[in-house]
Amino acid sequence: MASLNYFPCTATLSHTPSRPTFPKPPSHRLQISSSISENKNIDIETNSNSQPKVDRRNMLLGLSSGSLYGAANLVINPRESSATPIQAPVLDSCGVATNLNNNKELDINCCPPTTDRIVDYRVPPVFQMKMRPSAHRVSPEYIFKYNMAIDRMKRLPKDDPRNFFQQANIHCAYCNGAYKQQEGQDGPDPSKFLQVHNSWLFFPFHRWYLYFYERILGKLINDPTFALPFWNWDNPKGMTIPPMFLDERSALYDKKRNKDSMPPAVVDLGLTDIKDPLQLVTNNLTIMYNEMIRGNSDVYGFMGKAYSQGDAPDRGPGSVERGSHTSVHWWVGDPNQPTREDLGNFYSAGRDPLFYCHHANVDRMWTLWQYFIPSNKVPYKRITETDFLNASFLFYDENAQLVRVTVQDCLDNLRMGYEFERIDLPWLDYRPPPQTVGARIRRANTKSAQPNTVFPLKLDQIVRVFVQKTKKGKADEVLVLEDMEVDTSKLLKFDVFVNDEDDNVFELDKAAYLGTYAQLPHKSATNSTVKTSISLKLTDLYDDMDNIDDDETVLVTLVPRHQGEGITIGGIKIIEAPPPAKKPAA
Ligand code: C2O
């Protein structure tokens with residue numbers, strides 16, 4: 001297979017796990033090339049004469065890969081260019097960040113340096129694949145090197161855009177409203193902030209951000225193979241803060257962290273505030289199973305909802321973003337700081353080196369979802385809208401050059417030159433035990449549902465409501481929480497259970513757990529309340545219940561966990577699952 005020789009250096013893994021890894025999927029590389037030919041994807045654009053135009057990335061890749069992608073893989077992008085992707089921000093629109101508690105300006109200037117010279121970035125040919133290691137499994141030599149790199153980054157001149165704090169500013173500028181959307185031809189409202197969270201920009205933005213961060217670190221220690229570690233919080237062995245970040249003398253240390261989250265505390269991916277470590281582990285695995293396998297009915301459920309130029313932000317976060325990702329931020333942030341700095345607030349998150357380790361795992365979840373986990377649940381996993389593919393960002397590269405990058409150039413981590421150490425995925429088949437008929441009898445006797453629940457409904461207490469199904473019994477259905485009004489200045493979280501039999505809301509490891517909505521405090525459009533919605537797939541939950549055959553309704557329980565009074569639910573309904581997205585026409 002030509003593709004096996006694609007990256008000559010993949011065999012030199014210094015971190016190859018000795019214990020069994022998760023079932024080897026068909027080779028990632030193999031899958032890419034087959035999916036490209038199969039899906040007629042995005043690698044070539046149509047120009048105005050309808051002549052296929054070869055994307056230069058493919059040319060580069062062809063050069064670097066011994067022409068792996070031959071002419072047979074040339075494909076046409078069928079979409080039209082009437083679209084309005086989010087464009088790289090207006091740099092000089094940048095201002096100070098805002099304290100979301102009181103809407104006053106913070107005393108920090110959130111703006112990275114500006115310059116007029118912007119270069120369109122080309123991902124360079126990959127000669128040696130970087131291997132991102134699990135932060136819990138690295139050698140002392142690796143830690144030494146990483147520490148040295150961060151130390152040098154902190155010592156760069158303050159106005160060097162590669163300086164540690166300038167890099168933190170970049171994250172702040174893209175999420176605390178310091179950057180604005182560019183005006184398009186029709187002049188979208190320029191007062192609309194550019195917010196890279198809570199939409200389909202979430203994964204691509206952070207992938208590029210880490211990509212350049214990693215290259216800057218590599219350059220500072222003269223090691224182009226340097227790869228960021230990932231915090232393996234989805235595996236029980238990685239569910240504590242990785243030790244390398246705890247040494248107070250290390251450049252990797254940050255004092256603004258929650259004292260209660262120091263090892264051996266187990267990460268609380270559900271923000272349930274329980275302390276029993278065994279229950280936390282099983283909850284965490286259930287959450288991962290839900291975010292990655294069971295809970296999404298389409299690609300947007302995982303990636304987040306569409307967000308185009310001129311749109312107000314907060315279209316709706318994907319499952320990982322609103323779930324495990326949000327929880328880790330909050331769990332590490334220091335409750336004794338005014339707005340839970342550093343990790344508990346987006347404007348300051350980049351000041352904790354742990355941020356990049358956390359996000360390396362978030363990025364890993366994206367690659368696992370794209371290439372490794374069973375795809376039958378969401379048969380089509382690519383977003384083909386040009387508004388997604390052509391969305392662009394600005395970053396400083398390792399030479400302090402300001403570069404423009406696009407989403408379509410970051411969809412494949414191998415093309416970008418890095419992969420992840422293989423660790424087993426204990427959540428992969430962490431299906432909850434089936435609920436049995438007895439639960440149904442108990443449920444029939446329940447007095448707990450409020451028969452006359454009136455919407456809109458403030459979520460300041462646990463709410464139970466019967467919702468009409470589209471068909472009796474096991475159907476292909478989605479639960480939609482619509483017109484949710486959320487206060488963006490607060491941490492918000494609630495969980496959703498269906499036909500819960502025992503009402504123990506601290507145990508998530510049961511068939512009845514359907515999913516969550518959670519958000520960190522963040523800046524949105526001009527006011528601090530936005531409308532959003534989430535869709536949670538019911539089909540697989542029904543499969544884990546042996547007792548719903550003739551049911552025409554389900555009992556939905558909404559459990560507020562954090563500041564439910566900041567959440568108003570406009571309505572709840574069950575709809576038929578949308579048919580699986582089709583492959584784009586050739
Ligand atoms: Cu941009 Cu997890 O934050």
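**Rings, core and a helix cap in a predicted model**

Me: Which residues does asparagine 163 touch, not counting residues up to four places away in sequence?
Reply: This is a predicted model, in which local features need pLDDT of at least 70 and side-chain atom pairs count only at pLDDT 80 or more, whereas totals for chains, interfaces and linings use all residues. Residues are numbered from 1 along each chain as its sequence is written, and side-chain values use heavy atoms, with hydrogens and water left out. Taking contact as heavy atoms within 4.5 Å, and leaving out residues up to four places away in sequence, asparagine 163 touches Met153, Lys154, Leu156, Pro157 and Lys158.

Me: Which end of helix 4 does asparagine 163 cap?
Reply: Asparagine 163 is placed in the loop between helix 3 (140-155) and helix 4, where helices are DSSP runs of H or I with at least four residues, strands are runs of E with at least two, and both are numbered from the N terminus. Asparagine 163 is buried, with a relative accessible area of 3%; buried means under 20%, exposed over 50% and partly exposed in between, for a 1.4 Å probe and protein chains only. One of its side-chain oxygens lies 2.7 Å from the backbone nitrogen of phenylalanine 165, and the end that asparagine 163 caps is the N-terminal one.

Me: How many of the ten residues of helix 4 are buried?
Reply: The buried residues of helix 4 include Phe164, Gln167, His171 and Cys172. Helix 4 (residues 164-173) is largely enclosed by the rest of the structure, because the buried residues number nine of the ten.

Me: How is the ring pair of tyrosine 121 and phenylalanine 212 classed?
Reply: Rings of Phe, Tyr and Trp (its six-membered ring) pair if their centres lie within 6.5 Å, and planes under 30 degrees apart count as stacked, over 60 as edge-to-face and the rest as tilted. By this rule there are 35 aromatic pairs. For tyrosine 121 and phenylalanine 212 the centres are 4.9 Å apart and the planes stand at 75°, so the pair is edge-to-face.

Definitions and conventions:
A polar contact is a pair of N or O atoms within 3.5 Å; within protein, one must be able to donate a hydrogen and the other to accept it, and residues adjacent in sequence count only if both atoms are side-chain atoms.
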